[in-house]
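Open your viewer and get the selection tool ready. We will hop from one stop to the next, and at each one you can see what is there.

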Amino acid sequence: MSFFYLKKSWLGVLALVLLLASVSLISNAQSRLITGVVTDAGNNETLPGVTVGIKGTTRGTQTDIKGAFKLSAAPNEILVFSFIGYASKEVPAGSASTLNVKLSPAKNNLDEVVVVGYGQQKKATVTGAIATVDSHTFQDRGPTNNPVANLQGEVPGVVVTRTSAQPGRENWNFQIRGATSVNNQDPLVVLDGVALNNNNELNSINPNDIENISFLKDAAAAIYGARAAFGVVLITTKRGKPGQMTIQYDPSVSEKVLGLQPHTVDLATWANGAMQALTNDNYGVAPTTYVWYQYAQFALGNLGKVVPATAIPGYNGSAITAGLTYNGLPVPTLGDVKEFDFTNTKMSDVLWGRATSTEHNLSISGGGDKNVYRFSLGYLNDGSQLKWGTNGNQRYNIRLNEDYRFSNHFSITNNISLERNDIQQPTLYSFGSYSALGTSFQPGLPALTISGRPYEWGGVASPPGLLRDGGVNYESNTRILLNSTLNFNFLKHFKATGTVGYNTWYQDDQVQTKQVQLYSYYDTNLIATNPSAGGTNASGSNLSTNYYRQNVTDPYYNLIGTLAYTNSFNKVHNVMLMGGASYERDEYDTWNARTFNLASDDVASLGLGLSSGNAGYVTDGETKNHYALGSYFGRFTYDYKGKYLLEATGRYDGSSKFIADKRWKSFYGVSLGWRIAEESFVKKLNFFDDLKLRASYGTSGNQAGIGLYDYLQSLNVGSSNNLIGSTIATATTTTGSLVSLNRTWETVKKANLGLDYSIFKGKLSGSVDVFQNRNENMLVSVTYPGTLGASAPQSNSGDLKTWGWEAIVTYRDHIGKVKFSLSGNITDSQNKLVHYSGVSLISGGYNQTVEGYPLGSYFGLKYGGKLQSQAQVDAYNNYYAPGGVINTIGLPAATPLANQAGKFTGLRPGDNWFQDVNHDGKLTAGTSNKDLGDYVYLGSDVPRYTFGFNMGAQWKGFDFYAIFQGVGKRTIFRGGSANNWRVPFTSIFQMQTNSWVGNVWSPQTPNAYYPNLHSALNNGINNYNYQASSWSVENGAYLRLKNVVLGYTLPKSLMERTKTFSSVRIYLAGSDLWELTGIHDGWDPETTRTATGNERYPFYRYLTLGANIVF
Amino acid sequence: MKNQYKSIFTGLAVLLLSIQFGCKKSLDLTPQDQISDATYWTKASDFKTFANQYYGYLRNFNNSFADNPHYDGRADVFGGGGSYGAGTNIVPASDASWNTNYARIRNCNYLLTKAATYPRPTEIAQYVAEAKFFRAYCYFDLLQLYGGVPLITKLLTVDDPALYGARASRDAVVDQIVADLQAAIPDLPVSLAYSSADYGRVTQGAAQGFLGRVALYEATWQKFRNGDASRYNDLFDKSIAASNAVIQSGLYALFGTKASDALGGGNSSILGDSAMKYMFILENPKSNPAGITKSANHEYLLSYRYDDILKVIGTNISRQANAIGPQQKWVNAPLCTDGLPIEKSPLFQGFATYGSQFMNRDNRLKYSMKVYNMYYWYGNINYRITWLNDAADDANSLGKVTQIGGYGNQKWMTERNCPDAKESEDYPVIRYAEVLLNYAEAIYERNGAISDADLNKSLNLVRLRTNSKNGMPPLTNAFVAANGLDFRTEIRRERFVELYYENFRFDDIKRWHSAQTDLVTNVGGTAYGNATGFVSPWPVSIRYTGTQAQLGPNALKPAPTNPLDQNGNLIIDQSARAFTEKNYLYPIPSSELALNPKLTQNPGW
């Protein structure tokens, strides 16, 4: 029987139920109105906003600004008063019509409820390693494009990273307890009970709508089975509370200023450095005929000037020829240039600057006897620091969370959210290497021509003109998140739920590439037209003006049903049993089209292609795929007097990504708890408010990083790109990778031991956990000999061990009227690739997987120091290259210079020397973990000792909060294309960053960090000096002031007089204002090791002025 | 209310049950935009479509024009061979040539595996033959680079012991190549007309021509390393037979000859002695004064094909070619018009001026490189206006060559008005001239002698195509004897001159085992110093990295102190090539050695 048929019938039932329920609302007889005031038991101040509910129902209200409430209740019902920071209180309604209640500040948070998988638990009896954050985490933080951003340093075990500072494209990521697999490490995120298809969805959620987040870090996640390997994050959005309508408005405005980034030097510094590097290249003799030497010399003589070629005596009108001089200096023979520009433009300062962001949130919440609601609107406009072109990110949110009670047994919970985020960036944002995000800039070039036109010189464009005039790349993401849950308490101890979730992601990309005409400085010459008009090329790269459109439709739906039984026997045996099933399915569909050679740049339309009839002038594509997951799950909890706790969870998952007979797998988790503080012998000590020992063990799975249909041999079909006869032939090709029929889920075994404590009447509390995760059948791409001729399928042949510990401690107290809190947390997570089938090859620098080492390990030579004298150079050469025979890798040869008698090529004083670690007389690169050569392990890119500490204080209306965050240990080596900013003057003709200035070796400064300056012209001496070594890796440890807030809440008395506002708070916040880092190359310590593309977008600091206004 | 509960309870039960029964099927999802291998391979066209990808394996402008494992710059034609040319290369961690060839071999084995169970084998015989041809093509590349390599002739799985097998012997690899080609030849089409929808596919002639190349390569490799005479003579015989089959087929002719015109497509011989030059830049838009197009080319047995609309080359062929310059050694190779080398010919005018050295020489000199007093074009900006060699053409040329800083190449430079990277001439993979030269060399090396008749049907056709009007005599036994020439030298010279910048030279030197004489020589540039007509102190054409020569083109020094040779020509580097015995084979990449312990490194590495 078809599932879909049944699904429809179930929906039919759902509809019927809704219909019946809506016509059979029951009223509640016998109840009468109760009024009262809630006050603080300590200082007798009235407490506004206290939730007053009737036990066992969803009826309730909130106290108003004077702490007063009104509520209808029957005499046999029980009123529950709860308020954050206070112990809840239950009071029988009785027959009195007035109830004044005093609440005492909570000694600890034992009454708090924690969201766990498919339900909630009391924090006191939770046995898993579960951390939570509440809505305060997302307050006062200024523009936040992704709520993950605000978690940095807040949660032990949660490491948050980003790869960029580009608005909307920060690529915020987080990991729970470090790497658990080489395949994808994104925790599963469940929003209001429904899993998100992928964590990109967090890019459009409104952080202001989040009530709390639970992080399931250990076996507690096992109930999510197949996808819980990296932990599970449960986000709960804010709901309405019974009581009068509350309108809250939170506006803020933020100013971003540039944070750490490499800064380019001024032209004179560049020129002097370049001449020095070239002279070094030439063994101490200035190469005065070399064009770039002449260029630097010419720049020094003409600083701040633009010298048109026409002003140079002897210029023939078309090209700079050899032998010309100008003002006594030889003119560099750069044949085709029209002028020499020596403006002192610091391109990094021209491109990047300040930006303003604004955010507005409005919510209306409240509710009555039958229903509660919270409606919220959000708007964020995040400005970009890139000062040219159209840039930014906007987010629009509408959310309606609503609960409706049809009867005492039957209710529905609805969450409806429309989210949209739009990202803009200039299309020619990375256009060749001389772009805004390119690896360098040309020295001396102006931003624009004298009249403000786009500028180009000798094949090198200044980025501003291209950014401004080259078109815009618009990305629009619309997400519709719907989920409804029917709750049905159909017998005394039973509760059933049925959830339908339907999340759709719709993306629309529109990328227009306009033609930009680039001129010489005085507008006299049209130097280039980029992209060129009309042209196209077979590979589809956007050489010409073109317009690209892409749409993605990605619906993801969930069906979840649960049935729970809760009972208590003899008041000491508390039992809960829950079982359920779910089905999830994703249907991804995207198409794209591109038209070249457009009739007009003014409007963007696919129909405007002038050459649409010609092959290659229109390209299109389509991708469709899907996957599904079917699951059964269950939980059993038992506790004896709330003292001895047991929880068991299980899950049985089937995935469409595996062949049928390897598809289903069961996962389980068991945890135990002992609330030692409840034991009488501990109670006698009268010291512990809470003391709980927790232990858990469980398994969870991962199927990420696996192709959707990898078990099926498929063939690609498309253009062969080969001309046969008079057409480009179609070809069928293999996918290039083998099919695996025997792979299955990765299974991570997680063990955790934890201790929660609370002492000094709850003033000091905290917890400590130690954990170990073992991924014994990790899916890895084993490297096979090249003779295989294809990439091998991943197989379950890896074994990764991750272990560590985490701790959090919080101290809350008050001194006089100053309430304060201090809290710190630290996590250490290490991992080791225990087993990795096949041979682990290594190369200098970054290696993702090497058996016996952590993921992301760096290898390289062991730095000995700088060669300080010629005698040391000779001895070094003699050691590694006796008799001039090179037996080394990367060691420049010392051969006699034909042109300079007595001098040799190769190393000189001021260059690095490296140790012969394996004492074989050779300097050799390692090849594999079995043969390290002279390489040593230099550390891992994976951070260790991630920590955060925060402090808060309140005094009268003032509040203060600050959080520091950092990483204790991390190694970074920026190889690859970021090289030319790491290695000064490796590209002699490009602008340099200031990292080396004043820090270069010389006989007078023997301890300077940088070796002799060299350009790439000399035998790769830079490659030798700057290769991966214990010298060239960066220390990625840092400490950062993540956020600091100063707020002031206007006095209540003032509010009462306004009759409009019930509360007004204004605050000033700063983010990323300060940090401590030892990075040499100028990048922020959070910048990736690759620093390519938008990873080069500079990080920023920002100041926020905002208000929280409650009506 | 009771009824209500019932219906709700039913609903929940249905939900759970539906998942229970629905799951099994709802988890069986198949790709929506890929073809399933299981349902493919049912008709002949499936095999043909799969085989279409093989045509991308052929050498082409994008992978053979600049430095690559077979690059002329790594030999003595010009510089730019990097550390490989200098012989200072080291064992690389990985090597794309190794991986790419085995990936391609897998794709050939893939088709062959599927073909084995195809019920109507005759329908797909041609495509099976193509798979074998391309498997042979890839193994020959591996053989040239590494010598004997692991021989994989089936689809491997990750647990196949063959994956960790040892290297096959050189002989075994050669035998496999020969066997594949011999098996393929009968099933390939004899010929394909230019108008055919299959034009460009491998033909019998292409496979025979390739067999002639492979067999000659290995035969000479063995002969000049004291190999087994019976084996190399057998290979010579195979080479001779294969080349002769191409010659006898009558389907191919040198472009620009009457024989070629007889095969149709256009009157290429009206291009006269410049026909060869225009063949290399032959396009369908007007690319030569006669407006001859590709259909008139019967010289290319197999080529990597381009088209000015459907498939342009996509790299700056003409500009790159313009920037390259031959070494002095190559410039000295072409004969004088009396058929004698410059050392012997009274017609040679010496190096007194820049122009003097080009006088009375083989026409291939002026059609391969830029010579004194001539005009050259390179497509973008500097292109032919009228094609009449008139003032308009000259005015839009690169300028008359009068002063030059170094020797300049001109082969492959288009003359038509063509934007950068939009050229579309075909890249010759196997051309008839090479077949003829293979034939002559194989006969000579097999027998120690070659008859005038054999020379006239082969080498002399090549030589005289460009020199039919300037009085150059054919190579004959009598001429050799009369002038004290050496046959082997002259045969090899003909290859050196004719196959200039087609990336044969490095492999030729390797198989002849002649690096000790051919490569370990001074790298020479143009004359410098007293000769007139020179302005630049540096031979910018010689770009040579990894050695001391690098100092030259980078112009760090105001004046060279390098010595001059006996002709007054600058010696760029006196010890340019550290070419030793080990350099005849590239090293096996170290990662492969680490991955497969049975794999052994080539000697000396």
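## First stop: a loop in chain A

Select A:D336, which sits in the loop between β20 (329-330) and β21 (339-341) of chain A; helices (H or I, at least four residues) and strands (E, at least two) are DSSP runs, numbered from the N terminus. This is a predicted model, in which local features need pLDDT of at least 70, side-chain atom pairs count only at pLDDT 80 or more, and totals for chains, interfaces and linings use all residues. Residues are numbered from 1 along each chain as its sequence is written, chains are lettered from A and ligands numbered from 1 in the order in which they are written, and side-chain values use heavy atoms, with hydrogens and water left out.

Is A:D336 buried or exposed? Its relative accessible area is 55%, so A:D336 is exposed. The cut-offs are under 20% relative accessible area for buried, over 50% for exposed, and partly exposed in between (1.4 Å probe, protein chains only).

## Zoom out to chain A

Chain A has 10 helices and 55 strands. Its C-alpha trace spans about 110 × 75 × 65 Å along the principal axes. Of its 1111 residues, 58% are buried. Contacts (heavy atoms within 4.5 Å) with a separation of 6 or more come, for 70% of them in chain A, from residues 24 or more positions apart.

## A strand residue and its neighbours

Next, pick A:L258 in strand β17 (residues 243-258) of chain A. With 24% relative accessibility, A:L258 counts as partly exposed. What does A:L258 touch, not counting residues up to four places away in sequence? Show A:W352, A:G353, A:Q385, A:P1098, A:F1099, A:Y1100 and A:R1101 to see these contacts. Also try a C-alpha distance from A:L258 to A:R354: the two are 96 residues apart in sequence and 6.7 Å apart in space.

## An open sheet

Colour five strands of chain A that form an open sheet with mixed pairing, in the order β10-β15-β16-β13-β14. Two strands pair if DSSP finds at least two bridges between them. β10 (130-134) and β14 (194-195) of chain A stand at the edges with a single partner strand each, so one side of each has no neighbour in the sheet. Look along β10(A) and β15 (residues 210-216) of chain A, which are antiparallel over five bridges. Within β15(A), A:I213 is opposite A:V133.

## Into the cores

A nonpolar core is a set of buried Ala, Val, Leu, Ile, Met, Phe, Trp, Tyr and Cys residues joined through side-chain atoms within 4.5 Å. The largest has 167 residues, and those with the most contacts inside it include B:Y54, B:F133 and B:Y501. Helix α6 (residues 125-146) of chain B gives the largest share of this core, 15 residues. Apart from this core lies another, of 68 residues, among them A:L334 and A:F1099.

## Last stop: confidence in chain B

Colour by pLDDT, the predictor's confidence in each residue, from 0 to 100. Chain B has a mean of 86, and 85% of its residues reach 70 or more. Over residues 527-560 of chain B the pLDDT is below 50, and this stretch has 88 contacts in the model beyond near neighbours in sequence. Where pLDDT is low, the predicted coordinates should not be read in detail. For the complex, the predictor gives an ipTM of 0.90 and a pTM of 0.79.
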